[in-house]
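Have the sequence and the 3D view ready, and follow along.

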There are 4 protein chains.
Amino acid sequence: MVVVMEERASEAQVEHVVARLIEMGMDVHRSTGVSRTVLGAVGQGRADKELIETMDGVKEVVRISEPYKLASRTFKSENTVVTVGDIRIGGDEVIVMAGPCSAESEQQVRAAAAAVKRAGAKIFRGGAFKPRSSPYSFQGLGEEGLRLLRDAARAEHLALVSEVMDVSQIGVIDRYCDIFQVGARNMQNFTLLRELGHARKPVLLKRGISATIEEWLLSAEYVLSGGNKDVILCERGIRTFETATRNTLDISAIPVIKKLSHLPVIADPSHGAGRRDMVAAMARAAVAAGADGLIIEVHCDPERALSDGAQSMFPAQFDRLMAELRIIAPAIGRSICLEPMPRRGWGQ
Amino acid sequence: MVVVMEERASEAQVEHVVARLIEMGMDVHRSTGVSRTVLGAVGQGRADKELIETMDGVKEVVRISEPYKLASRTFKSENTVVTVGDIRIGGDEVIVMAGPCSAESEQQVRAAAAAVKRAGAKIFRGGAFKPRSSPYSFQGLGEEGLRLLRDAARAEHLALVSEVMDVSQIGVIDRYCDIFQVGARNMQNFTLLRELGHARKPVLLKRGISATIEEWLLSAEYVLSGGNKDVILCERGIRTFETATRNTLDISAIPVIKKLSHLPVIADPSHGAGRRDMVAAMARAAVAAGADGLIIEVHCDPERALSDGAQSMFPAQFDRLMAELRIIAPAIGRSICLEPMPRRGWGQ
Amino acid sequence: MVVVMEERASEAQVEHVVARLIEMGMDVHRSTGVSRTVLGAVGQGRADKELIETMDGVKEVVRISEPYKLASRTFKSENTVVTVGDIRIGGDEVIVMAGPCSAESEQQVRAAAAAVKRAGAKIFRGGAFKPRSSPYSFQGLGEEGLRLLRDAARAEHLALVSEVMDVSQIGVIDRYCDIFQVGARNMQNFTLLRELGHARKPVLLKRGISATIEEWLLSAEYVLSGGNKDVILCERGIRTFETATRNTLDISAIPVIKKLSHLPVIADPSHGAGRRDMVAAMARAAVAAGADGLIIEVHCDPERALSDGAQSMFPAQFDRLMAELRIIAPAIGRSICLEPMPRRGWGQ
Amino acid sequence: MVVVMEERASEAQVEHVVARLIEMGMDVHRSTGVSRTVLGAVGQGRADKELIETMDGVKEVVRISEPYKLASRTFKSENTVVTVGDIRIGGDEVIVMAGPCSAESEQQVRAAAAAVKRAGAKIFRGGAFKPRSSPYSFQGLGEEGLRLLRDAARAEHLALVSEVMDVSQIGVIDRYCDIFQVGARNMQNFTLLRELGHARKPVLLKRGISATIEEWLLSAEYVLSGGNKDVILCERGIRTFETATRNTLDISAIPVIKKLSHLPVIADPSHGAGRRDMVAAMARAAVAAGADGLIIEVHCDPERALSDGAQSMFPAQFDRLMAELRIIAPAIGRSICLEPMPRRGWGQ
C-alpha cells in the first residue's frame, strides 16, 4: 500500500498514520520529498485502504496488490481449463451452451435440446428455479423441471447447467446438473458462494449487473478459497443509462479478465441484449473479442415462452449464428464445434 | 397495456399481435389512425411486455399499471406507519437508527449504544453476519455478536436492527432483534424475501446499488405479498461513474418513493457517502428531502473499527449532526427526538 | 506520480520505465521491496499517467497531485466569494437565482421577475439562446430575449444570468447580463471556456451530465487560467440508470467540491429533478448539504411554457420553498434573504 | 402520443388534459376503460411529453413517433452509403480509418500514414485542434498540423478526416480534409452541428460519452436537416461505473443503430478501450457486430506520442489486427480491403 500525504500534512499527522499502519501489522517505508511525504506499507497485516484515506493529512491511498489472490494471473499464469466430461471450457474450442430460459414441459425441453445439439451446442441450459423481479411471475417448475432438463440432455448427449438460487437448493441441483450456475443477482450471495466452494462440480459465475470486475473476481475468490478450482466467469451485461437495450453487454470485460485472471470467461448475449434481434450480433462480438464460450437462450416457440421469450432465439436463427461463429473463431486461433454430430432422427 | 404498431405494420402483423394478446387473456381494443394502429389491452391476463415488443410490426409497448400492487399508493393512499414498541417509523417524527457497522466486543458495543442514545437515536444498529466483498475480510461475530448488541440495546432502552443474509439466519436474528435488515446485495434474494414475508417483525429493505426504484418496490412486494405489511425502504446509494464518493446517495429517490408508495423510506448516508467527512451533509440533505429516518454508523474509535471505519462517525460528530437535524426537521413539518432522555449514569 | 511495478517485472522493464520518466523531465526515486518495485516520480515534467500504465511491467500508476491547480484548495485555502453588485455568492447568505427557462414575451418575463423577486430571489435567470436536443424545438428569442430579460431584471432590481452557447455569442450576452452561464453540454467546449477566461464577468459553470468532479474542476481551470477568477460551479444532475427522474442530482458533489476547491457551488434542482413536484425536495436537500445557492426555474403559466414547462415551479410553490429554506439555512450557519423587499406595487 | 390517465383521475382532470392537447394543435381520441382513460393524440401540433406528464391525473405519456425524422429508417429504409472519392462507407466493404491521435511532426505523420496504408487503411486520421480536459495539455499544432496531415495523406493516396471543435475552425478544416470529425464532447454543440449542415463534405459524428442513442440521432438530425445528407455515426465508448477500461465501448449500439437508422455506423476501439492491449479485441468485436468501419489510433512510437500514447497501436499490432479482420468480415457478408496496395518503397 502506498499512502500519499497532502502537501500541507503536519509531521504529527504523518507520524499518526505511520503508527496506525504499524499497528495494523505493516512495515512502513517513509519517503520525504520536497513538497510531500509518501509512505510505502508492506507486510502480511490487514490495512484498510478506505480508513487510511479518511485520516487527517492523507491525500490518497493506492493498493499495490489485488485484493484477490487465487483468481489472479499473478498467482497462476497459465489458463485454467474447466472440464465437464470431454468438454474443455477455456481450451482451444469455443464452447456453446444453449437452451430455453425455463423448463416448461417435456415436449418443450426435448425440442429445444434437439435443436441446440444439432446446431453444435455442447451444453444444455435451462432453469428450474427462476429468480423473477416480480412475485407474480412464473417461478419455475422446481425439481420436476430439473428432471425434464436432465432427461432431455441425456437423450442428446449434452451436459447440463442450471441455476442455483440458494444454499438449500445445492443438493437437488447437484443431483441433476453438471454445472452450478450462479445468477447475476446472487453474485454477492456470499453464503451461497462459500458453500459452492465445497462442491465438486464447476460453478458458472455470472457478473452482477453493477459489479466491477474486481468485485466479480472477489466473488470467484470465495468459491476458489473453499477448494473448488473450477470457476467459469460469465459476462451478461451491465446496467448503464442507455435504455435501447435491456443491459449493455460489456464486451471489454472479456480482454480485461483474460489479462487479470486465468479463469475461463464466457458471454451471455441473450441477457446482455434482451432482444432476440440483437443476440446474434452480440454473440459474434463476444467470440471475436476472445470469449471462451457463450450461453444462449433458444426456444422452439419463443412467443409462448413462460419467461424471457423476447430474448430467446428461434432454432433457425441459432443455426445461422453457429455458422457465422465458425467463420469468426479461427481469426483468434479458436475452433467451434467443427464437426457437429450428424442428425440421427431424434424426435423434435 | 398499450401497443403502438409501426407505421409500416401490415394488417397480418396487427392481427397476429391481437391474437397473441387474446391468447394471453387480455381484452383488446383496436384504434386505427391515419398513420398507425394502436392497441389497448386490458384484463387479468398475463401479458409479457418485452415479448410483445419483439413481435414483427410492433414499435413500442407501454404498461398502464405498475407491476407492483401492495406497495403502490394506488392500492393504499395513506402513509404506512411501522411501529416497533412505541417508536413510529413513517409518522411525524424522524427516527434515527445508529450504531457500529459490526459488533466487535462488549466494550465497543456498549460505548456505541450509550453514545447514540445520548444524542437522540431511537434504534440501535450493528451487524453480526457481515456480507464482505472479500473472503479474507472480517465476517462478523455471528450469534455472539447478536447477544452483545441485544444486551447493549436493552441497557439503553433502544430497539435493535441487524442484517439477515440468508434464510438460515432468520431464526437467530428473530431471537435477538426487532427489525430484520436486508442488505443491498440481497435486495433480489427472492428466497429470503419470500421467507421474510412470513415473519412477524418489520423488514428494513435496502435498495440494491443498481436497482431501479421499480425493482426495489417489486422486492418490497415479495415481502408484502407474503403477509408482512411492515416494510421500511432504505436508500443507501447507487453506483454511478463518479468515483469521488463510494456511491451516489440518490436523494431524489425519497420524493419519488413518497409519490409512488405508502411505505416509509429512510436513508443511509454512511454507505451512501463512504467517507466520514461527507456523512453529515448527506444526512441533512436526506431529512430536508423528506426522509422518514436515517441509519448511521457511529463508532467510538473508528480508526480501529474492524469494518467500515472510514465511514463511521465519531460520537461528537453525531451529536452535532443531531442538533442540526433538529433545526431542519420543522421545515418539512417534522420533529426529531425533541426531548432526548436525560443521562442516567449508564456506563460509557 | 507513484509507479507500482508488477511482481514479475524484470529489471529491464523497471529501467525502461525509469528512463522514460527521466526523459519526461521527472526526478525518479526507486524503492525496491521484497516482492515489487515502487517508483516515485516528481518534478515539473509532463508525465502521462495513462501511457506509463500501459508500459510492460507496470501494474498501476497513481498521481500525487491534482491535475488542476488554480481551482484547488491546496492552491487557495479560503473560500472564494464572487460578487455581483452587492450580491455575494459563496458568503454567508444562500443566494437564489430564479426565473423562466426561456424568455418568451415581455409579459411572461415581467411576471416571472416580479414573482421571484417577491419571494426573495436575488438574481434573475432566463434563456435567449437555447441548446435543444432536437432541431425542431423552440430555439429561443436571441437578442430580443436578452433585452426582455434585462428590462425585467432592471425593473425588479435583480441581477441577470443567461446562457452563452458559443464564442460568437459572448459579446451580446456581455451587453445584457451580469453572469455568463455555461450549460452542461458545453462544459467541455474548451474554445468557449478559454474565451471566457478573458471576460470581466463571473462564469456560472454547470457540470456536464456525465462529467466527473475532476473534469469539472479542470474545466473551471480553463477559465481561471485565462485570468477570470470568478467561477461559480453548478451541480445540475448526472446521468444514471435510474429513469424515475430526468437526472440524478448529485447532492454529494456539494461537500466534495467544498473539500477539493475554494470556488462557490450552487445546485440546479429544476434540471436535476426534471419534474415540478420533485424540485422543492431537492432544493431543500441542496441547501442542507451546504450549497452556496440555487438556480430554479419559475414560470407563471408553466403549462404553456415554450420549454421546460414540466420542471418550472408555479410562483406559489416557489414562495413556499423559500419559506422552508429560511428554516433550513441556519442549521448550517447560513441565512437566506431574511428580509425580502416589501411589495412596492411593481407591475406584474 | 398516448396519454394514460391515473385510475383515480377525475373527469375534470381528463378534460383539462384534452383541452391542453387540442390547444397544442393535436386531435384527441378518448378511450374510457373500466379502470382508466387513455387518450390518443395525433396531428402536426407540438405536444410536450414531459409537460403533459406532470399534469394532474396523468400517469404516463408515450410518444408514438421518434423525435428524429431524416435519420430514421422509417423515413428512408435503404442504407445510406457515404462516398469519399472511390471509398464507400456503409457499403459491402468495412472501411478502416487510422493514424495518430495528433499531428506532431512531419516525420511522425509520414511514418504513420505509410504504416496504416500498407496494412489496408483507406482513410488517414489525425488531429490538429485537440480538445483536452486540461488547459495544460498539448493542444495541437493547428493549421500547420493540418498541412502535415494533408501532405502525408496525399503521398499515400489516403483520404483525410480531422476534428473540428468550433464553428470558427470549419473553414480551415474544409481546406485540408475530406471528412469533418465532430468529437464526443461536441455532440451537442448545436451551433457547430447546424453550420455543418451546410457543409459539402461528410460529417463523422461521435457519440457523446453519456448520450443516449436517441440523442445521438437527434444530433445527426441537426446536420441532416441543414441539407448535408452525409453523416457517419461513430460509437466511441460510454461512461459507466467500470473503471478497468477508460470507457465501455457499447458494441450493442451498432445493431441498435442499424435497426433505427439508415446511416452508416463505425466504431472507435481506441477511445473505447483506452489501452493499447485492449484495442484489437474491441475492433474485432465491432466488425463482428456489424460495424461499417473503424477509426483507430496508430503511432510509430506511441511511448513518445504527445497525446493518447497509451491507446495508440504499434504498426505491427495494427497489421495483425487487419489480418484478423479479414477473416471475420465474411462472417457477416462483408469484405475488408482484400487487395492492399503492394509496398512501393515509401519511407521507413
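## A helix across a sheet

In chain D, helix 1 (residues 11–23) lies across strand 1, strand 2, strand 3 (37–42) and strand 4, and its direction is at about 5° to that of strand 3 of chain D. Keep in mind that you're looking at a predicted model.

So what does the sheet under discussion look like? In chain D, four strands make an open sheet, ordered 2-3-1-4, with antiparallel pairing. Strand 2 (27–32) and strand 4 (58–62) of chain D sit at the edges with a single partner strand each, which means that one side of each has no neighbour in the sheet. Going from one strand to the next, the twist averages 20°.

Now zoom in on one pair. How many bridges join strand 1 of chain D to strand 4 of chain D? There are four, and the two strands, with strand 1 covering residues 2–5, run antiparallel. Within strand 4 of chain D, Val62(D) is the residue that stands opposite Val2(D).

## Over to chain A

| Feature of chain A | Value |
|---|---|
| Box filled by the C-alpha atoms, along the principal axes | roughly 80 × 45 × 40 Å |
| Buried share of the 348 residues | 59% |
| Share of contacts with a separation of 6 or more that come from residues 24 or more positions apart | 66% |

Notes. Residues are numbered from 1 along each chain as its sequence is written. Chains are lettered from A and ligands numbered from 1 in the order in which they are written. This is a predicted model: local features need pLDDT of at least 70, side-chain atom pairs count only at pLDDT 80 or more; totals for chains, interfaces and linings use all residues. Two strands pair if DSSP finds at least two bridges between them. Axes are lines fitted to C-alpha atoms, for helices over the stretch in contact, and angles run from 0 to 180 degrees between N-to-C directions. Two residues are in contact if their C-beta atoms, placed from the backbone, lie within 7 Å. A residue is buried if 20 or more other C-beta atoms lie within 10 Å of its own, exposed if 12 or fewer, and partly exposed in between; C-beta atoms are placed from the backbone.
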